[in-house]
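Here is a friendly walk through one model, meant to be read with the structure open beside you. Please take a look, then follow the topics below.

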Amino acid sequence: MLCRAALLPSLRSSGQFWRQTDVAGSHPCLLAPNLVLRNESARGWSNIPFITVPLSRTHGKSFAHRSELKHAKRIVVKLGSAVVTRGDECGLALGRLASIVEQVSMLQNQGREMMIVTSGAVAFGKQRLRHEILLSQSVRQALHSGQNQLKDMAIPVLEARACAAAGQSGLMALYEAMFTQYSICAAQFFSSFQILVTNLDFHDEQKRRNLNGTLHELLRMNIVPIINTNDAVVPPPEPNSDLQGVISVKDNDSLAARLAVEMKTDLLIVLSDVEGLFDSPPGSDDAKLIDIFYPGDQQSVTFGTKSRVGMGGMEAKVKAALWALQGGTSVVIANGTHPKISGHVITDIVEGKKVGTFFSEVKPAGPTVEQQAEMARTGGRSLAALQPEQRAEIIYHLADLLTDQREEILQANKKDLEEAEHKGRLALPLLKRLSLSTSKLNSLAIGLRQIAASSQDSVGRVLRRTRVAKDLELEQVTVPIGVLLVIFESRPDCLPQVSALAIASGNGLLLKGGKEASHSNQILHHLTQEALSIHGVKDAVQLVNTREEVEDLCRLDKLIDLIIPRGSSQLVRDIQKSARGIPVMGHSEGICHVYVDLEASVEKVTRIVRDSKCEYPAACNALETLLIHRDLLRTPVFDQIIDMLRVEQVKVHAGPKFASYLTFSPSEVKSLRTEYGDLECCIEVVDSAQDAIEHIHKYGSSHTDVIITENEKTAEFFLQHLDSACVFWNASTRFSDGYRFGLGAEVGISTSRIHARGPVGIEGLLTTKWLLRGENHIVSDFSEQGSMKYLHENLPIPQRNSN
C-alpha cells in the first residue's frame with residue numbers, strides 16, 4: 001500500500017490537492033485530496049526546474065566495467081538493517097542515514113533517478129518494543145521483587161510482524177524529515193514518498209502494473225521513492241517458492257533485485273555491514289574480498305552466518321544480485337557502515353571507484369590486478385632467490401633484445417605517436433617523451449648493462465656483523481622491498497629501465513603505463529618477460545592492462561609495498577593523496593634553481609644555464625628559476641645571459657625583486673614555486689649565496705640546485721648548507737639522473753627525507769633484515785644472575801666476488 005512519507009513544501013503552499021490509489025489497487029490512501037498519479041493528470045509538474053546532466057543509456061545489458069557506472073541513469077540503493085540501525089541496538093544510525101540521504105540527494109540533483117529500498121523497520125521496531133517491555137518490567141519488578149531481580153528479567157521473543165508495525169512509522173518519519181531538510185537547504189525540488197509492497201504486488205499482473213506506473217510517475221516528478229516490504233502483514237515466506245524466471249520477495253534483498261529489473265534500473269547498490277563479498281566468511285584468516293564476481297563463481301565462495309539483524313545474509317544478497325544481473329541491472333555490494341567510507345560510498349560507486357564487489361557478466365581475458373600483484377609477489381621471491389649472476393644474465397639478455405628487436409619496438413612506438421597526434425591530446429614536450437629512437441634504445445641497452453654489472457653485489461649483501469655473545473652472531477643483510485608499483489606517463493623507455501632495476505634488486509613489479517604508450521609498453525613488457533623466462537621467473541614483472549584507475553591501485557595496501565610515480569607533478573600529487581597505507585617515493589615537483597654568484601665565469605654561466613634550461617626543458621631536472629647576484633645586473637655577464645635566453649627563445653618571467661630594478665620588465669611571475677616544463681623560466685635577484693640558499697629553501701622543491709662560481713669557499717658553503725637531494729657546483733642541473741650518475745638507470749628522483757634520496761637506483765630498492773645465528777641461547781642467561789655476558793664486538797664483513 002502506498003502511504004505518504006513527505007510532501008513537497010511547494011505543494012503545501014500551492015493550494016493544489018491530489019489523490020492516489022494504492023499499488024494493490026484496492027484501498028485509496030490519502031496523500032492529499034484529488035491526487036491521481038496518471039500520465040494525463042501530471043502535466044502540472046512539467047515546468048518544475050531541477051538540475052540535470054546528460055545521462056542516456058539503452059537498458060537491457062548490464063555494465064561490463066566499473067568505469068561505466070558513471071553512466072547509470074536510474075539507480076536503486078538498498079539499505080540493510082545493519083546500515084539503518086546502530087550497532088549497540090539503541091535506535092537508528094542517524095549520522096549514517098543523514099549521509100546516505102545527502103548522497104542520494106546529490107545524485108538526484110545531477111539528473112539521475114534514485115530509489116531507496118530500506119530495511120530496518122523490524123530491527124528498529126524490535127528495539128522500541130524491547131525498550132517498552134524492559135521499562136514496564138522494570139517498574140513491575142521494582143514494585144514487587146526489589147531491585148536485585150532486575151538483572152534476571154527475561155525479554156520475550158518478539159514476533160517480526162509486530163516489530164515491523166512498531167518500527168515502520170518511526171523509520172519513515174525520519175526519512176521524511178531528512179529529505180525535507182536537505183531539499184530546503186539545497187533549494188532543489190524533490191522529496192521522498194514511502195511505498196509498502198508484498199510478494200503479491202509482483203505476482204498479480206494488475207498490481208504489478210499499478211506499482212510500475214506509480215514508481216515511474218514519482219520518478220518523473222523528481223521524487224525519491226522509498227520502498228519496503230510490508231512486514232506487518234506479509235505471510236511467512238514459503239520454502240522453494242521461486243517461480244521460473246521470477247524471484248520471490250522474501251526479504252529486502254530480493255525486493256530490491258525484483259524492483260531493479262521491473263523498473264529497468266541501470267544500477268543496484270546493496271549496502272550492508274561488510275566490505276562486499278568475500279571468498280570465505282569475513283573475519284576468517286584467509287578471507288579475501290572479491291573485487292569482481294561473475295555468474296558461476298558461487299562454488300568458489302563459502303558463505304558465513306547472517307547479519308546481526310535483518311532477514312537476509314550474504315547468500316541471499318548474491319542470489320538477488322545474480323538475478324538482477326541476469327535482468328540487465330549492474331550490482332555492487334558494499335559496506336554502508338564503515339565510518340571512513342560510508343559518507344561517500346554511494347557516490348564513489350557511481351563514479352566507478354573500486355568499492356565493494358562489482359557483479360559483471362564479462363570476464364576479463366587476463367588476470368585481475370589483484371592476481372597480478374600476487375603473481376608479482378611470488379615471482380619476485382623466486383627472483384630474489386636466484387644467484388646474482390643469474391639476475392644479471394636476465395638483464396643482459398633484455399639489453400640485447402632492445403637492440404635485436406629494434407624495428408619491432410620502433411614500429412609499435414610509431415603507432416602510439418600516430419594515435420597521439422591524431423587525437424591531438426598531447427603537448428609537444430609529452431610527444432617528445434613518448435617518442436623512441438635508435439639512439440634512445442642504444443642508450444637504454446648501455447644503461448641496462450651498467451645495471452647488470454652493478455647488480456652482482458646487491459641482494460644479500462652483508463652490511464654489518466656483530467658478535468653479540470659467545471657463539472651468537474648477528475648480521476644485517478640487504479633484501480628486496482617486496483612488490484613495487486611504478487606508474488608512469490608518456491615514457492615507454494621507463495619500462496625496461498624500471499624492470500631492470502627491479503630484477504637486479506629482486507623485487508616483484510607492477511607497471512601501470514599511460515594509454516598513450518600502450519603499443520610501446522606491450523612489446524617492451526613482452527621482451528622483459530622473454531628475458532625473465534630464461535630462469536623461469538616470467539611472472540615477476542606484470543603490466544597492468546585492465547581499466548584500473550590509479551586511485552584504485554593505490555588502495556591495494558595488502559599487495560603493494562612501495563609506489564613510485566613517474567610523470568607530471570599533478571600525477572605525483574594525486575598518487576600521494578590517494579595512497580592509503582602504502583609509502584610513495586618520488587617528487588611532486590622539480591623546481592630546480594641555478595644561482596649565478598658574483599664570482600662566476602661568464603663562459604661557464606652561459607653554457608650551464610643553456611644546458612640546464614634548453615637541453616630538455618620538459619625534464620624534471622631542468623632549470624626553472626635563475627637566481628642572479630644583485631651586483632651582476634647591468635654587467636656583461638648579465639647581458640650575455642639575457643642574449644643567450646633570447647636566442648634560445650626562452651620566455652622570461654621576472655621575480656618581484658628583479659622587476660623592481662627594471663623600467664620595462666617581462667611579465668612578473670604569479671608564483672615563485674612554478675615548474676614550467678617548457679622554454680620558460682623565472683629570473684630573480686638575490687644579495688648573496690646565503691640569500692640564494694634561503695630563497696631555494698622557501699620556494700624550491702628539494703630536487704636539484706646549482707651554484708656557478710669560481711670561489712671555492714662560497715661553493716662549499718652552498719654545497720654544505722643547501723638542503724636539496726642534489727646540489728652541484730659548476731655543473732648543469734641535467735646531470736641529476738641515474739644513468740649519468742652511473743646507476744645504469746633510475747626508478748625516479750626522490751625528494752623524500754627517509755630511505756632513498758635523489759636518483760634512485762638499485763640501492764634505493766633494497767631494505768634490510770637481521771639474521772641471528774646462535775647455539776641454544778636464551779635471554780634469561782644474560783640477566784644479573786645469568787651465566788652469559790653481551791660482547792657486541794664488530795666483526796669483519798666478508799667481501800663478495802663481484803666478478
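The buried residues of helix α23 pack against β18, β19 (623-629), α22 (656-660), β21 (680-686), β22 (704-708) and α24 (712-721), contact meaning heavy atoms within 4.5 Å. Helices (H or I, at least four residues) and strands (E, at least two) are DSSP runs, numbered from the N terminus. This is a predicted model, in which local features need pLDDT of at least 70 and side-chain atom pairs count only at pLDDT 80 or more, while totals for chains, interfaces and linings use all residues. Residues are numbered from 1 along each chain as its sequence is written, and side-chain values use heavy atoms, with hydrogens and water left out.

**Helix α23**
- In α23 (residues 689-699), the buried residues are A689, D691, A692, I693, H695, I696 and Y699.
- Buried means under 20% relative accessible area, exposed over 50%, and partly exposed in between (1.4 Å probe, protein chains only).

**An open parallel sheet**
- The order β16-β15-β14-β17 describes an open sheet of 4 strands with parallel pairing; two strands pair if DSSP finds at least two bridges between them.
- At the edges are β16 (541-543) and β17 (562-566), each pairing on one side only.
- From one strand to the next, the twist averages 20 degrees.
- Strand β15 (residues 508-513) runs parallel to β16 and is joined to it by 3 bridges; L511 stands opposite L543 in β16.

**Helices across the sheet**
- Helix α11 (residues 369-385) lies across β14 (483-488), β15 and β16, at about 140 degrees to β15.
- Helix α16 (residues 494-505) lies across β14, β15, β16 and β17, at about 165 degrees to β15.
- Axes are lines fitted to C-alpha atoms, for helices over the stretch in contact, and angles run from 0 to 180 degrees between N-to-C directions.

**Aromatic pairs**
- The whole structure holds 5 aromatic pairs, where rings of Phe, Tyr and Trp (its six-membered ring) pair if their centres lie within 6.5 Å; planes under 30 degrees apart count as stacked, over 60 as edge-to-face and the rest as tilted.
- F782 and Y790 form a stacked pair, 4.3 Å centre to centre with 15 degrees between the planes.
- F782 is buried at a relative accessible area of 14%, whereas Y790 is partly exposed at 45%.

**Confidence**
- The protein chain averages a pLDDT of 81, and 78% of the residues score at least 70; pLDDT is the predictor's confidence in each residue, from 0 to 100.
- Residues 1-54 stay under 50 in pLDDT.
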